[in-house]
Amino acid sequence: MRSIVALLVAGSLATPALADQTEGLILSFDRVDRIIVLTDKTVWELPESMETPADLGRGGRVLIDFDSAGEDGLTAIESIERLAVALP
């Protein structure tokens with residue numbers, strides 16, 4: 001019984017980064033500073049080491065994979081993918 005309680009306590013103390021993703025339309029993209037602003041007004045700063053699609057720009061639809069630490073916020077952006085824009 002003590003080992004089960006010890007495992008539960010140890011598990012609750014560790015706060016692993018959780019993989020998450022978001023999708024949206026680009027409002028603006030600063031290629032020099034590597035900052036993307038989506039139409040929902042979220043701001044994403046891309047790491048220098050990350051490859052970005054050549055055709056990334058205003059109006060493009062993207063999927064961003066990132067790691068978050070819950071309420072502690074964003075820990076890392078893993079990838080960005082340009083998606084096809086659905087025509088109305």
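**Exercise 1. Find what share of the 88 residues of the protein chain counts as buried.**

Step 1. Apply it to the chain: 27% of the 88 residues count as buried.
Step 2. Note the basis. The model is predicted, so local features need pLDDT of at least 70 and side-chain atom pairs count only at pLDDT 80 or more, while totals for chains, interfaces and linings use all residues. Residues are numbered from 1 along each chain as its sequence is written, and side-chain values use heavy atoms, with hydrogens and water left out.

**Exercise 2. Describe how β2 pairs with β3, and how β4 pairs with β5.**

Step 1. Two strands pair if DSSP finds at least two bridges between them.
Step 2. Strand β2 (residues 35–38) runs antiparallel to β3, and three bridges join them. V37 stands opposite V43 in β3. The hairpin of β2 and β3 has four residues between the strands, and K41 in this hairpin takes a positive phi near 75°.
Step 3. Strand β4 (residues 61–68) pairs with strand β5 (residues 74–83) in the antiparallel sense, over eight bridges. D65 has S79 in β5 as its bridge partner. Here the hairpin has five residues between the strands, and G70 takes a positive phi near 65°.

**Exercise 3. Locate the aromatic pair and explain why it is called tilted.**

Step 1. Rings of Phe, Tyr and Trp (its six-membered ring) pair if their centres lie within 6.5 Å; planes under 30 degrees apart count as stacked, over 60 as edge-to-face and the rest as tilted.
Step 2. Searching the whole structure gives one aromatic pair. The ring centres of W44 and F66 are 5.1 Å apart and the planes stand at 55°, so the pair is tilted.
Step 3. Because W44 lies in strand β3 (residues 43–45) and F66 in strand β4, the pair ties together parts that are 22 residues apart in sequence.
Step 4. Check the surroundings of each residue. W44 counts as buried at 10% relative accessibility, and F66 counts as buried at 11%.

Key:
Helix = DSSP H or I, 4+ residues; strand = E, 2+ residues; numbered from the N terminus. Buried < 20%, exposed > 50% of the residue type's maximum accessible area, 1.4 Å probe, protein only.
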